[in-house]
Structure formats: C-alpha cells, structure tokens
Amino acid sequence: MKFELLHPADQIVMIMERIYGYGMTTTSGGNISIKDDNGDIWITPSGIDKGSLKSSDIIQVKEDGEIIGKHNPSVELPFHEMIYRARPDIKAIIHAHPPAIMAFSLARKIPNTKLIPNVHLICGEVELVDYALPGSTELGQKIADTFKKGVSTAVLANHGIVVGAENLFKAFMAFETLDFCAQLEIRAKLIGEPKSLRPKDIEISKAKQDIQMDEFIPKTYSSFERLSRKKMCELIHRAYDQRLFTSTQGTFSQRLSSNSFIITPYMVDRKYIQPEDIVRIENGYKEAGKRPSRSVLLHKYIYEKHPDVNAIIIAHPPNIMAFAVTDNEFDSKTIPETYISLRNVKKIPFGSSFMQPKMTADVFSKETPAVIVENDSVIVVGKDLLDAFDKLEVLEFTAKAIIDARRLGDVVLISQEEIEEIERAFKL
C-alpha cells in the first residue's frame with residue numbers, strides 16, 4: 001500500500017521504526033505527530049518504548065482536546081499543537097535526537113546546508129531555537145515563532161531537531177537529510193575546512209530539471225531483466241540500511257543490452273523501492289509513466305563510451321563525501337584491497353556530472369572506476385551491480401578509516417615498491 005494511504009497511526013509507527021532502527025533516537029526519546037483532514041492530531045505516546053511501538057499505542061487528540069488512547073500523549077504535545085496553529089500548511093511533525101544533530105545542538109550551531117545542493121533544496125532555511133524546558137509552553141512558543149517565519153526545520157538548543165512538512169514522508173526526508181548533512185560536516189572538519197557551494201551553484205542545481213525523453217510501452221520483460229530488477233532493489237535496500245543512501249538520494253543502473261539499461265526512479269523512497277518502480281531506458285526512450293533519475297543521461301553516455309561497464313552507482317556516503325567538500329584528495333594507496341579495487345580515484349568539479357555528462361563519462365577507465373564530484377556525489381562503475389556496490393563500500397569504508405587514522409597520527413601510504421608488488425601479484 002502507498003505510504004500516504006496508510007492510517008496516520010500506521011504511518012507514525014513506520015517512520016518511528018526507521019528513526020529508532022537507524023540510531024536516530026532512543027527508547028524513550030523523540031515524538032511524531034500527524035494532523036488529519038478532520039483536524040485531529042495523532043501523536044506518539046509518552047514513556048512507551050520507541051523500539052516496539054504499535055499502531056494501537058498512538059494517541060488521538062481531538063480538536064476539542066479530548067484524548068483517545070490507552071496511554072498519555074507525548075509531553076511535547078504542546079509544541080506540536082502550537083506549530084499546527086502557526087502553520088496550517090504543516091500536517092506532520094518529527095522531533096528526535098540523532099547524535100550528529102545533537103552535536104550541533106550542544107554547540108548551539110546549525111549544520112551548513114550548502115555543502116551539497118540537495119540539502120538546502122530539501123531542508124530550506126534552518127534556524128536555531130533558544131533553550132526552554134521540554135514540554136513547556138515557552139518552548140512551544142519559541143518553536144512556533146520560528147515556524148511562523150516560514151522555517152520548517154529547526155535545531156533546538158541542547159534538545160534536538162524539529163521538522164514540519166505537508167506530510168510525514170516529506171518531514172522524514174528533511175529530517176534524514178539534515179542529519180546526513182550534520183554527519184558530513186563533522187567528518188569533513190576532521191580532515192579540513194568544508195567548502196560551501198556558491199549561490200549560483202545552488203541555483204544551477206535547483207534549475208536542473210527532469211530529462212525530457214520520449215516514452216515507450218515495454219512489450220515484454222526478459223527473465224534477465226526481471227532478475228536484474230529484483231537484485232537491484234535488494235542492493236538498494238542494503239545501501240540504504242548501510243547509510244550509503246538516503247531515502248531519495250542515490251542511483252543504481254544496470255545495462256541490459258547494448259541499447260538498453262534499467263535505472264532507479266526519481267523521488268521514490270529507497271527504503272521500500274520495488275522492482276516495478278525501476279525504469280527501463282531503451283534506445284533513448286523511457287518506460288512509459290515513470291520518471292528516471294535525473295542523472296539518466298550520464299548513465300547513458302557511460303554505457304555508450306565503456307562497453308565493459310555494466311553497472312553504475314551514484315551515492316553520497318558521508319565519509320567519502322568529506323573528501324568531496326574539502327580540498328583533501330582521496331588516495332587509494334592505503335589498503336591493498338582498496339588499491340586493487342579502486343586504483344586511481346579522481347576528483348572532478350561541481351556541476352560536471354549534469355552540465356557536461358559526456359565529458360564526465362570520458363573520465364572513467366579501467367584504472368579509474370570511481371570519481372568524486374566536488375560538493376555533489378561519488379560515482380562508481382563495475383562489471384556488474386555487485387562489483388559496483390563492492391567498490392562503493394570499499395570507497396566509503398576506506399574513507400572512514402583514513403579520517404579516523406588522522407586523529408591518531410599521520411596516514412602512512414603503501415610505498416611505490418609495495419604498489420608494484422601488488423600490481424604484479426594481482427596482474428593489474
């Protein structure tokens with residue numbers, strides 16, 4: 001069933017399972033609410049385990065104040081009510097305490113939302129709300145006053161984050177995106193000074209539209225395509241669970257033949273993506289009724305340029321992206337497996353992947369299967385989906401090891417003599 005057709009209580013449970021499951025709140029922390037079309041508020045209960053929440057635990061608060069349910073509503077109900085009164089366009093609210101956001105909350109700062117373009121586009125302006133007692137009218141008023149300005153995402157001093165949106169999925173998308181942004185900035189500051197995108201870069205990215213493609217209606221689906229769609233979804237789910245993807249950011253594609261490939265759709269939740277959501281591209285046409293990733297032309301040009309490439313992944317994992325938003329170069333001569341898998345990882349300027357996709361496709365080779373796009377993403381290619389996914393994992397894990405190692409001392413690279421030994425042994 002589509003998320004938006006679920007009962008408000010079921011939506012709340014589903015999103016809380018994700019927030020708790022990914023370590024973004026504690027057993028007792030965080031609260032979620034939805035305001036339905038009748039004006040009733042559905043909200044998480046107070047003092048109930050967030051790791052085993054059921055739809056029957058969710059509390060209904062009627063417009064006249066009547067409370068229906070077997071528990072007490074969250075103690076933060078007052079600020080939910082005040083936000084809804086201040087912003088009638090908001091129909092869902094999330095409040096939680098993800099550690100990366102809490103780091104900014106404790107420092108009384110907000111994450112830099114202009115390190116990569118989509119963060120600012122999804123979260124908009126973010127403001128810091130002064131501290132007030134949890135559950136108090138004072139706190140509710142401070143948050144509501146912030147939201148009255150048109151802000152929909154706020155960091156609460158020494159308290160966490162509050163996000164509001166027109167529906168719960170969009171609220172979660174902004175919540176998750178700002179958390180990713182916070183993780184990215186923290187990791188980047190461990191190796192250098194993060195560089196923000198210029199206003200014109202944000203505008204260029206904002207202007208990026210869906211690729212206009214003629215449509216076709218598939219007459220058949222081969223057994224190979226059916227299996228490929230299934231395997232792609234399994235790896236997308238794994239990428240999401242490993243936090244290599246966010247709910248709407250991250251693209252997989254796989255070649256089917258010399259003139260066709262399948263690719264992830266635009267703005268479909270990666271957590272629940274299904275084989276029927278995947279989009280086939282054939283002879284430059286897109287599968288009817290679907291929206292492919294906006295990077296579809298880059299995938300097309302890579303496949304045309306490199307017959308040996310059969311899979312492509314574009315992602316934004318926070319550790320390797322720390323290298324994308326600083327002047328630091330990623331060196332694969334750190335771990336034998338990393339050098340064998342990735343060889344020479346190159347960094348290219350922001351905008352290259354969508355403004356000059358043909359030129360970006362030319363960067364890849366047997367010696368360069370992975371590219372870092374400044375303030376944007378990482379792109380990896382492989383002989384098949386599993387090979388590309390393995391390269392993405394190796395890239396992210398190695399980046400994390402390098403960042404952590406720098407806190408211990410200087411990173412010692414494998415010597416040139418040792419590199420030559422690896423090349424001889426593995427016939428590179």
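I began with the UniProt record, an unreviewed entry, which places the feature "domain: Class II aldolase/adducin N-terminal" at residues 10-186 and 230-403. I noted that the structure I consulted is a predicted model.

**Entry 1: the annotated spans**

I looked up residues 10-186 and found their end C-alpha atoms 34 Å apart. In this span, 39% is helix and 18% is strand. I then turned to residues 230-403, where the end C-alpha atoms lie 35 Å apart.

**Entry 2: the domain assignment**

I next checked how the chain is divided. The domain assignment gives domain 1 as 3-191 and domain 2 as 211-426. How many residues does each domain bring to the contact? I recorded 19 residues from domain 1 and 30 residues from domain 2. I also looked up the distance between the C-alpha centres of domain 1 and domain 2, which is 32 Å.

**Entry 3: helix 1 and helix 6**

I examined helix 1, residues 8-21, together with helix 6, residues 168-189. Their axes are 11 Å apart, and the packing angle is about 15°. Helix 1 is therefore roughly parallel to helix 6, since angles under 35 degrees count as roughly parallel. I noted that the crossing of helix 1 and helix 6 is right-handed.

Which residues of helix 1 and helix 6 meet? From helix 1 I listed Q11, I12, I15, R18 and I19, and from helix 6 I listed L168, F172 and F175. I sorted the residues of this contact of helix 1 with helix 6 into six nonpolar, one polar and one charged.

**Entry 4: helix 2 and helix 5**

I then examined helix 2, residues 77-86, and helix 5, residues 137-148. At what angle do the axes of helix 2 and helix 5 cross? I found a crossing at roughly 30°, with the axes coming within 8 Å. Helix 2 is therefore roughly parallel to helix 5. The crossing of helix 2 and helix 5 is right-handed.

On the helix 2 side of the contact I listed F79, M82, I83 and A86. These meet T137, L139, G140, Q141, I143, A144, F147 and K148 in helix 5. I divided the residues of the contact of helix 2 with helix 5 into eight nonpolar, three polar and one charged.

Key. Residues are numbered from 1 along each chain as its sequence is written. This is a predicted model: local features need pLDDT of at least 70, side-chain atom pairs count only at pLDDT 80 or more; totals for chains, interfaces and linings use all residues. Side-chain values use heavy atoms; hydrogens and water are left out. UniProt positions are given in the numbering used here, feature names are shortened, and annotations may be inferred rather than shown by experiment. Helices (H or I, at least four residues) and strands (E, at least two) are DSSP runs, numbered from the N terminus. Axes are lines fitted to C-alpha atoms, for helices over the stretch in contact, and angles run from 0 to 180 degrees between N-to-C directions. Angles under 35 degrees count as roughly parallel, over 145 as roughly antiparallel, 65 to 115 as roughly perpendicular and the rest as oblique. A crossing is left-handed if the near helix is turned anticlockwise from the far one by less than a right angle, and right-handed if clockwise. Contact means heavy atoms within 4.5 Å. Ala, Val, Leu, Ile, Met, Phe, Trp, Tyr, Cys and Pro count as nonpolar, Asp, Glu, Lys and Arg as charged, and the others, Gly among them, as polar. Domain bounds come from an automatic or database domain assignment.
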